[in-house]
Amino acid sequence: MKASPSPEPQWLTEEEQCVWRAYVHASTLLDDYLDRQLQRDAGMPHMYYGLLVGLGEAPDHRLRMTQLAMKSKITRSRLSHAIARLEKNGWVRREDCPSDKRGQFAVLTDAGLDVLRRVAPGHVEAVRTALFERLTPEQTKALGEILTIVAEGLQPNEAGADLPWLR
């Protein structure tokens, strides 16, 4: 028996194609811009800065590794590698979880907090320059609403969802 042909995909309209390519172009350039700024100012990639921020905002500057992976939207394997690099710099340490023998905490050290305090003003300025100074308040509000809708649609709540921090 022959397999039935796959239905024709619903191709993007010309306008959708332009918007999609503009998004990819802008997000790639923005990621690169912020990564270069953080490499220059702190010798770390943007993702590592995000991990330090996540720990800096957490109570007692500590989070379970699984929570930090979820907050950062990365795989546990990628997080483990990043935390190992941050540990080598003395910016983070791992601690065993007393209530769960398999669990670990990532803890921001005083040196990590110092780096965060030193680098944050330049990073905020880079974000402001690259993004918010180019937008009107109305565009900023619309962009926030749009990105929230997209993120909510890509982060299902049902069990077994294929999300990075569950891999």
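Predicted model: local features only at pLDDT ≥ 70, side-chain atom pairs only at ≥ 80, totals over all residues.
I started with α1, which gives the largest pocket twelve lining residues, the largest share of its lining. Helices here are DSSP runs (H or I, at least four residues), strands too (E, at least two), numbered from the N terminus.

Residues are numbered from 1 along each chain as its sequence is written, and side-chain values use heavy atoms, with hydrogens and water left out.

**Largest pocket.** I looked up its volume, about 1,800 Å³. Of its 39 lining residues, Tyr23, Ser27, Leu30, Asp31 and Leu147 are the closest to the centre. A pocket is an open set of points on a 1 Å grid over the protein atoms alone, where a 1.4 Å probe fits, with protein on both sides within 12 Å along at least five of seven lines; lining residues have an atom within 4 Å of a point. I also found that α1 (14-42), α2 (46-57), α3 (65-72), α5 (110-130) and α6 (137-154) each supply at least two lining residues. By class, I got 27 nonpolar, seven polar and five charged.

**Second largest pocket.** This one holds about 170 Å³. Its lining includes Arg64, Arg76 and Arg102. I noted α3, α4 (76-88) and β3 (100-108) as the elements giving two or more residues to that lining.

**Tyr23 again.** I found Tyr23 in helix α1. Tyr23 counts as partly exposed because its relative accessibility is 47%, between the cut-offs for buried (under 20%) and exposed (over 50%), with a 1.4 Å probe and protein chains only.

Terms used: Points joined across faces, edges and corners; volume = space filled by probe spheres on them. Nonpolar A, V, L, I, M, F, W, Y, C, P; charged D, E, K, R; others polar.
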